[in-house]
Amino acid sequence: MRQSDWQRVIDAAMAPALEYLQSLQQRRVYPESVDPDDLRRALGGPMPTRGAAPEMVVADLARQVEPYVTSHATGRFFGFVIGGLHPASYGADLLASTWDQNTGLFPVTPGVAAIEEVAVGWLLELLDLPSESSVGLVTGGQMANFTCLAAARNHVLRETDWDVEALGLQNAPKVNVLVKEDGHTTVLRSLRYLGLGTETAIPIECDDQARIVPEALERALADLEGPTIICVEAAQINTGSFDPFAEVADIADRHRERGDATWVHVDGAIGLWARAASSHREMTEGLERLDSWSTDAHKLLNVGYDSGIAICRHAAAHRAAMSTTASYLVQSDGETRDPMDWNPEFSRRARGLALYATLRSLGREGVDDLVFRTHALARRFAEQLAESGLARIENEVVFNQVLVRWLGPNGEDESLADRIMDCVRTGGEAYFSGTTVDGERLMRISVSDWATDEDDVDRAVAALLECARQVVG
Ligand SMILES: Cc1ncc(COP(=O)(O)O)c(C=O)c1O
């Protein structure tokens with residue numbers, strides 16, 4: 001490609017990109033019309049025989065796809081748990097695309113591998129986790145859970161004299177897996193990937209805030225022998241609640257003392273960042289005594305998609321579960337860190353750049369403030385909705401998640417949640433998503449965008465209440 005072509009392609013991408021970013025505050029959150037056939041017509045057709053100029057392809061993409069983009073970073077997207085976009089992450093990701101580094105091995109791509117090394121060191125400092133822990137940068141919470149549980153499987157079986165990496169699970173000792181009955185689906189999906197099975201996982205009772213009941217865990221363990229994995233959570237998907245980590249750690253210690261290899265994993269996709277905030281750190285006490293922690297930087301930290309993090313106290317188990325060697329590879333001599341040793345991918349993007357840039361730009365104070373602010377805004381939602389008399393808040397708002405039950409003239413009416421959310425989404429002002437708890441439809445609010453402010457919350461509440469009045473009639 002001639003040098004001048006880069007300029008054209010950058011212009012084709014960056015002019016609409018800048019326009020998009022600068023219009024975020026005014027943008028509709030959800031596309032005005034979503035007709036999959038329109039999209040297919042615009043983008044589809046047979047595979048072209050003749051090529052097209054790169055800048056033309058990029059300009060067409062921007063023009064044709066942008067009307068269908070969901071604007072997560074408007075400050076008014078409150079569905080699922082989806083972070084916004086920190087500018088430092090965005091800029092660093094542009095460099096990652098520009099440099100196009102295959103970030104598997106330090107000797108091959110030293111610059112970006114070194115950045116990753118620094119970023120994972122900062123993470124352990126920020127989250128105050130054991131300094132000997134190993135860290136893998138993966139695509140998201142799903143793969144972070146998978147990676148940590150792969151390390152867990154290695155560790156508990158190795159302690160039972162079984163090398164699962166070499167021998168697989170055929171004829172292996174049974175691994176007991178205990179999960180929360182209200183735990184995240186990605187934990188079960190990881191168990192499926194790892195050959196541990198979903199139906200064999202033992203569900204442990206949770207309280208009305210979806211926190212694990214320690215006595216129920218202890219009771220379940222009393223009947224179990226052999227290698228054991230326990231899964232708990234920092235911020236449950238619906239309530240944002242944190243499990244009683246210190247009690248879980250004591251129970252796991254007692255189980256270990258009986259001679260059973262035991263590993264406790266924390267799914268902290270949403271809430272591990274609480275540990276970095278003076279306002280919330282107490283809720284994570286005892287978590288540092290456990291064995292592995294997963295989190296997402298693309299959620300509350302507002303690193304661009306995709307960015308998940310797997311952290312293990314037992315680096316040897318983590319490495320054994322993930323690493324590989326081949327005679328043609330140029331691997332580190334042990335003095336530097338090869339990213340490939342800590343994540344399931346072989347080739348991959350320089351994911352650490354955006355993480356490094358966001359951590360550096362926010363600093364400790366910025367992360368502290370992010371946690372404090374998103375919690376305060378979640379409470380603002382809860383207070384205003386409760387005051388309206390049209391809704392009831394179903395959870396203790398301890399973090400960034402709010403669980404809302406809409407009320408009709410005759411009280412609870414679970415048909416309202418989806419209709420009200422649809423109305424707001426169609427209006428374009430904000431976006432909310434639902435959930436089913438104990439068989440009942442509720443609305444969830446997740447404040448996860450660093451750009452959200454009081455005005456965004458007030459706008460979103462006004463849109464919700466207007467729709468609620470319309471829907472209730
Ligand atoms: C508690 C929890 N764990 C895991 C995940 C999966 O994360 P990801 O979507 O980044 O794979 C989520 C997603 O919301 C989550 O809330």
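The largest nonpolar core holds 94 residues, and I229, I230, V248 and L353 have the most contacts inside it. This is a predicted model, where local features need pLDDT of at least 70, side-chain atom pairs count only at pLDDT 80 or more, and totals for chains, interfaces and linings use all residues. Residues are numbered from 1 along each chain as its sequence is written.

Me: What makes the set with I229, I230, V248 and L353 a nonpolar core?
Reply: The term covers buried Ala, Val, Leu, Ile, Met, Phe, Trp, Tyr and Cys residues joined through C-beta atoms within 7 Å; buried asks for 20 or more other C-beta atoms within 10 Å of a residue's own, placed from the backbone. The 94 residues form the largest such set. Apart from it lies another core, of 35 residues, including V397 and L464.

Me: Which residues is I230 in contact with, beyond its neighbours within four places in sequence?
Reply: They are L178, L217, V248, A252 and V264, with contact meaning C-beta atoms, placed from the backbone, within 7 Å.

Me: How do you know which residues surround the ligand?
Reply: The test is a C-beta atom, placed from the backbone, within 6 Å of the molecule. For the ligand, 14 residues surround it, and the closest are G140, G141, Q142, H184 and A269.

Me: Why are strand 11 and strand 12 said to pair?
Reply: Pairing needs at least two bridges found by DSSP. Strand 11 (residues 433-437) and strand 12 (residues 440-446) have five, in the antiparallel sense.

Terms used:
Buried ≥ 20, exposed ≤ 12 C-beta atoms within 10 Å, placed from the backbone. Contact = placed C-beta atoms within 7 Å. Helix = DSSP H or I, 4+ residues; strand = E, 2+ residues; numbered from the N terminus.
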